[in-house]
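These notes are for a colleague who has not seen this structure before. Please read them with the model open.

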Amino acid sequence: MMWSTQNRLPMTSNEKLINGFPFVQYNRETYDDAIMLDRSIQFHNWMEERRTVRDFADRPIPQEIIDQLLLTASTAPSGAHKQPWTFCVVKDPRLKKEIREAAEKEEKESYESRMSEDWLDDIKPLQTDWQKPFLEVAPYLIVVFKKAYEIQPDRSKRTNYYVNESVGLACGFLLAAILHAGLVALTHTPSPMNFLSKLLKRPENERPFLLIPIGYPAQETYVPKLSRKKLEEIAVYY
Ligand code: IYR
């Protein structure tokens, strides 16, 4: 049996070493133009339905579903394939309550004095305020941490690359997976977020990135009536 020099996994017939590094053959199914266009339209129609939802039902979700959503998130590309993310999944009602209380304390301060007039004006159509009941009602809170660096076995630090881009992409994949599963989510950014490191006892190399409550929408749910930018507004072809 041939063994790759890098990771000591056995090599199979669709693998080869390039300068001593193991590569695997990558074959994807391709489609003709008409089918590709149809798939692209279908996928856009699907994604177009995604909305940020702030009113959740307290209906539980099996944890194995969350597991799969997180595995999808973790397929995102990342700088040097460091996968610099940790997804903390919070189901414990006491911990959710603590997170809600800490978040509301910060948010109250933000809404009452830290946010600018322009900022408050810009989010008026969303009708948000400092109160965050969804932090207790949603069956799971996924608290996403970015890993600024890795701690090596010898305790030395090794920096990660493009951490914000990488973790942002993973969160995007996660939101798409949530929509695909028939669930809803909210990208919540209580500010500042350091209380999450403390409550979840995260190591020093991790920083809170996003808080994503996930669940079923409440029985009667309204979301702000928004439109998305037209193609001409978002794209420039050269
Ligand atoms: N973080 C606050 C305020 C807020 C800010 C933006 I930018 C939004 O798009 C929505 C809300 C909150 O979560 O309420």
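1. Two strands are taken to pair if DSSP finds at least two bridges between them. Helices (H or I, at least four residues) and strands (E, at least two) are DSSP runs, numbered from the N terminus. The model is predicted: local features need pLDDT of at least 70, side-chain atom pairs count only at pLDDT 80 or more, and totals for chains, interfaces and linings use all residues. Residues are numbered from 1 along each chain as its sequence is written, and side-chain values use heavy atoms, with hydrogens and water left out.

2. Strand 1 (residues 15-18) and strand 2 (residues 21-24) run antiparallel and are joined by four bridges. Leu17 has Pro22 of strand 2 as its bridge partner. Two residues lie between the strands of this hairpin, where Asn19 takes a positive phi near 50°.

3. Which order do the strands of the open sheet follow? The order of its four strands is 3-4-8-7, with antiparallel pairing. Strand 3 (85-90) and strand 7 (184-185) are the edge strands, each pairing on one side only. Strand 3 is joined to strand 4 (residues 140-147) by six bridges, and the two run antiparallel. The bridge partner of Val90 in strand 4 is Leu141.

4. Two loops deserve a check of the backbone. His81 lies in the loop between helix 2 (63-73) and strand 3; its phi is near 50°, a positive value in a residue other than glycine. Pro192 is placed in the loop between strand 7 and helix 7 (194-199). The peptide bond joining Ser191 and Pro192 is cis, with omega about -10°.

5. Which residues are around the ligand? They are Arg54, Glu107, Tyr111, Met115, Trp119, Ile123, Leu126, Thr128, Asp129, Lys132, His188 and Thr189, where near means that a heavy atom of the residue lies within 4 Å. This shell divides into five nonpolar, three polar and four charged residues. Here Ala, Val, Leu, Ile, Met, Phe, Trp, Tyr, Cys and Pro count as nonpolar, Asp, Glu, Lys and Arg as charged, and the others, Gly among them, as polar.

6. An oxygen atom of the ligand lies 2.5 Å from a polar side-chain atom of Tyr111. For Lys132, an N or O atom in the side chain is 2.5 Å from an oxygen atom of the ligand. A backbone N or O atom of Thr189 lies 3.3 Å from a nitrogen atom of the ligand. The elements that give two or more residues to the shell around the ligand are helix 3 (93-114) and helix 4 (117-123).

Notes
A polar contact is a pair of N or O atoms within 3.5 Å; within protein, one must be able to donate a hydrogen and the other to accept it, and residues adjacent in sequence count only if both atoms are side-chain atoms.
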